[in-house]
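Here is a short tour of a model you can follow on screen. Keep the structure open beside the text as you read.

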Amino acid sequence: MKRKVGFVLGLVLLAAFFVAAVWVLNYGFDRSDVLRQMFGGASARSKVLGQMSASDPSTLANRDLMMARVSMFLFVAVSMLQIFAMYVAAHVIGGLKYSGEPVATRLKLLENADIFLDVPLYIGLFGTVSSFLVMTYSPTSSRLIAYSSTLIGIIFSLTLRLTLNYPLRRKWIAELDGESK
């Protein structure tokens, strides 16, 4: 019961962090040329693409700005999914760590839970493919997502494997060898 409360509390804290991150990035996107240009916003190119106008959403500058905002939200969504996947993997492996199962069973369960360590990588690939779809509408607006989502997925997956999986597996193999002697 205590573990479930901790998991739910962690989810609530993650949700609050996600809402705050979306609000901060949206606020920054509206007020910062640098952030807008990271996602391909039209601030510097508005002279070429046509002036941005609130009354005419069909100008190229406004469409480019809209796709930049879509790219930013896609980046935030993919990053948040990866953080959530990392949280779930840590929870699942932590549950194995404190279970009362025999060591041999825990090793098999850890091997079975291996998929949770790869989920951030798969989400990163999803982000890359999604950014390529956005690129069909605006070639400049999703370059950041195309590279960073896979990179974040690789880093998170590697971090999970090095900090959670490897130490536990090593400890339990040593315990299993100690029991067999």
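## Overall fold

Along the sequence, the chain reads α-α-α-α-α-α-α, with seven helices and zero strands in its secondary structure. Helices here are DSSP runs of H or I with at least four residues, strands are runs of E with at least two, and both are numbered from the N terminus. Of the 181 residues in the chain, 36% are buried, where buried means under 20% relative accessible area, exposed over 50% and partly exposed in between (1.4 Å probe, protein chains only). Among contacts with a separation of 6 or more, 72% join residues 24 or more positions apart; a contact is heavy atoms within 4.5 Å.

A word on the basis: this is a predicted model, where local features need pLDDT of at least 70, side-chain atom pairs count only at pLDDT 80 or more, and totals for chains, interfaces and linings use all residues. Residues are numbered from 1 along each chain as its sequence is written, and side-chain values use heavy atoms, with hydrogens and water left out.

## Helices H4 and H5

Take a look at H4 (residues 60–97) and H5 (residues 103–112): their axes come within 10 Å and cross at roughly 170°. Axes are lines fitted to C-alpha atoms, for helices over the stretch in contact, with angles from 0 to 180 degrees between N-to-C directions. H4 and H5 are therefore roughly antiparallel, the term for angles over 145 degrees. From H4, Ile-93, Leu-96 and Lys-97 meet Arg-106, Leu-109 and Leu-110 of H5. The residues of this contact comprise four nonpolar, no polar and two charged. Here Ala, Val, Leu, Ile, Met, Phe, Trp, Tyr, Cys and Pro count as nonpolar, Asp, Glu, Lys and Arg as charged, and the others, Gly among them, as polar.

## Two faces of H5

Which residues of H5 are buried? They are Val-103, Arg-106, Leu-107 and Leu-110. These residues lie on the same side of H5, because they cover an arc of only 105° around the axis, taken from the directions from the helix axis to the C-beta atoms. On the face turned away from the buried side of H5 sit the exposed residues Lys-108, Glu-111 and Asn-112.

## Aromatic pairs

The chain has three aromatic pairs, with ring centres of Phe, Tyr and Trp (its six-membered ring) within 6.5 Å; planes under 30 degrees apart are stacked, over 60 edge-to-face and the rest tilted. Phe-7 and Tyr-87 are stacked, at 5.4 Å centre to centre and 20° between the planes. This pair links distant parts of the chain, with Phe-7 in H1 (residues 2–31) and Tyr-87 in H4, 80 residues apart.

Key. Parallel < 35°, antiparallel > 145°, perpendicular 65-115°, else oblique.
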